[in-house]
Amino acid sequence: MQANGAGGGQQQPPPQGPELGCLGAQNGEASAGTAAGDQLAHANGLLPSANSGGPGGGSPGGLGVNNGVPAAGGPGPAAAELGGGGGGSALKKKKRLSQSDEDVIRLIGQHLHGLGLNQTVDLLMQESGCRLEHPSATKFRNHVMEGEWDKAENDLNELKALVHSPHAIVRMKFLLLQQKYLEYLEDGKVLEALQVLRCELTPLKYNTERIHVLSGYLMCSHADDLRAKAEWEGKGTASRSKLLDKLQTYLPPSVMLPPRRLQNLLRQAVELQRDRCLYHNTKLDSNLDSVSLLIDHVCSRGLSSVCGVLYGLPCLGILRKQFPCYTQQILTEHCNEVWFCKFSNDGTKLATGSKDTTVIIWQVDPDTHQLKLLKTLEGHAYGVSYIAWSPDDNYLVACGPDDCSELWLWNVQTGELRTKMSQSHEDSLTSVAWNPDGKRFVTGGQRGQFYQCDLDGNLLDSWEGVRVQCLWCLSDGKTVLASDTHQRIRGYNFEDLTDRNIVQEDHPIMSFTISKNGRLALLNVATQGVHLWDLQDRVLVRKYQGVTQGFYTIHSCFGGHNEDFIASGSEDHKVYIWHKRSELPIAELTGHTRTVNCVSWNPQIPSMMASASDDGTVRIWGPAPFVDNQDIEEECSSMDS
């Protein structure tokens, strides 16, 4: 480690207002009788399915024209079961449905309708006394899907009283006419399309910029050209369904449910459970087919549990299929303290730096995830305490401890030393960071040096009097963050020579790293541990507990899918892992016998992490194999709840 100074009995008429509760009498009874016409035949207000039977005729089993619901005079098995008696007998009185129950029934009805189970929907709506959507909305839906644009426009007049915003009808009409216009163009009816554009769309005086774009489509030579330029699916079910999805956003849910509402609610629930899972370390998949809706989210539930439950969630032992909690490999090629380790940006290599003055490049096997020695870079006279990969991973820069005045830049592919930079023997170059363009880097140290150089080590810019502890270049290509001896992180702009304070701590900042999105900073603070800062809001977000941090330089890191995890070495010889949102560690990894100076999480393999220690080894952590519980407990210990 280096010492160094983050329905009663009668069917009721449909209500005309937006309130769409159950269609029963005030006593809450479900309707057993039938009314004439479509209103009873299709209790859900939707079109009958193709297999619902011929008009006026009964399908096998005595089902009449009610789309699967027994006719009023026919006993039918369903009527007998529901009514408990012969044809026409009233259904048993049921408790009046609550608003939430009605909502659930409508959601289920919408989902079943999307699956084409219209007879089931009719039966559900009739038995519950509920209605899937307002009759005017049903007419509107059918007319849109059938491309009957004049009728759909007339339906908007009926819906006007049900829409909260007066401007919504204009927007809805614009969307309808736009579809009508595009379909005319695709059919080659240019004059009709022009008529829609001039006499219907333009008079709306809405979105004139879009009207100008639409007018340009008149020049399209053929239908394929039109669909490509308009980014439109063409006339038919696909484009009309998308149109309907947009139109539904202007209607209150009491009139017409948002599209695929049940699926969306379920997806949100699944995502929320995943988000709350402290150990989830796989790529998020929004497809409901990839999960079971019958149980709560549990990472790798099929594997045996080891350490119990933390915060009501499965512990690390059952998550070893994705989580780096087990020593997979121990690298022992260094012959002295290992001060730093860092995976390349593409995750295919690991670089380790040691007090033994060497940098070793390790190759990661993409299949077995085992590492093998690729190259040993020698010649650094002071020991290697910091390493930075160029954005394209072609170059590697190495710095030394406080008394090192040199910076070494190697070509990773050839292993050749490209640059050995030293401005003065009095310098202390202990940290380095690459500019995103890969053509420049910044370096500095605690003796007041702060340089920007090119690949050949030529000095491009310098900032006088900044005692640098750690550096990081932001993705804007202009701002360089530097922690200094005043217990702060400041932003420096080499182009306009401006600087500003971003983070202020009360104790020395020994090292820091930045998340991929540039929003969060992870600091190792002397005697305090690991702190997480929000750089945009400039606030301290969280202080992580457990780690032992004195005045030695320890490097922490973000890791896992979406960088949901944080890991840090510690002076108590352990590697600590936290979920970004939890102050308590979710895992403590043991195995090293001296201070763990640095950890690095593979940016491309979320289940792989490396740690470097004063014990002279580098440990590669990965998912635990399937062994008995006792062995797992020895390799991975989790905090008790």
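Biologist: Quick one to start: how many disulfides does the structure hold?
Modeller: Zero disulfides. Keep in mind that this is a predicted model.

Biologist: What about cysteine 453, then: buried or exposed?
Modeller: Cysteine 453 is buried, with a relative accessible area of 0%. Cysteine 470 is buried too, at 1%.

Biologist: And which residue stands opposite cysteine 453?
Modeller: That's phenylalanine 441. Cysteine 453 sits in strand 14, which covers residues 450-454 and pairs with strand 13, residues 440-444.

Biologist: How many bridges do strand 13 and strand 14 pair over?
Modeller: Five bridges, in the antiparallel sense. In general, strands of a sheet pair through backbone hydrogen bonds, either parallel or antiparallel.

Biologist: Which strands make up the sheet around there, and in what order?
Modeller: Four strands form an open sheet, and the order runs 12-13-14-15 with antiparallel pairing. The edges are strand 12 (431-434) and strand 15 (459-462), each of which pairs on one side only.

Biologist: What does the twist average from one strand to the next?
Modeller: The average is 25°.

Biologist: Changing topic: how many aromatic pairs are there?
Modeller: The structure holds 13 of them. Take phenylalanine 323 and phenylalanine 565: their ring centres are 5.1 Å apart and their planes are at 85°.

Biologist: Why is that pair called edge-to-face?
Modeller: Because of the plane angle: 85° falls in the edge-to-face class, which takes planes over 60 degrees apart.

Biologist: Where do phenylalanine 323 and phenylalanine 565 lie in the chain?
Modeller: Phenylalanine 323 is in the loop between strand 2 (313-314) and strand 3 (326-331), while phenylalanine 565 is in strand 25 (residues 565-568).

Biologist: What about phenylalanine 565 and tryptophan 601: how are their rings arranged?
Modeller: That pair is stacked, because the planes are at 15° and under 30 degrees counts as stacked. The centres of the two rings are 5.8 Å apart. This pair links distant parts of the chain as well: tryptophan 601 is in strand 28 (residues 596-601), 36 residues from phenylalanine 565.

Biologist: And tryptophan 601, is that one buried or exposed?
Modeller: Tryptophan 601 counts as buried, at 5% relative accessibility. For phenylalanine 565 the value is 0%.

Biologist: Last one: which residues do ring pairs link into a cluster?
Modeller: Phe450, Trp463, Tyr492 and Phe494.

Methods. Residues are numbered from 1 along each chain as its sequence is written. This is a predicted model: local features need pLDDT of at least 70, side-chain atom pairs count only at pLDDT 80 or more; totals for chains, interfaces and linings use all residues. Side-chain values use heavy atoms; hydrogens and water are left out. Rings of Phe, Tyr and Trp (its six-membered ring) pair if their centres lie within 6.5 Å; planes under 30 degrees apart count as stacked, over 60 as edge-to-face and the rest as tilted. Helices (H or I, at least four residues) and strands (E, at least two) are DSSP runs, numbered from the N terminus. Buried means under 20% relative accessible area, exposed over 50%, partly exposed in between (1.4 Å probe, protein chains only). A disulfide is a pair of cysteine sulfur atoms within 2.5 Å. Two strands pair if DSSP finds at least two bridges between them. Axes are lines fitted to C-alpha atoms, for helices over the stretch in contact, and angles run from 0 to 180 degrees between N-to-C directions.
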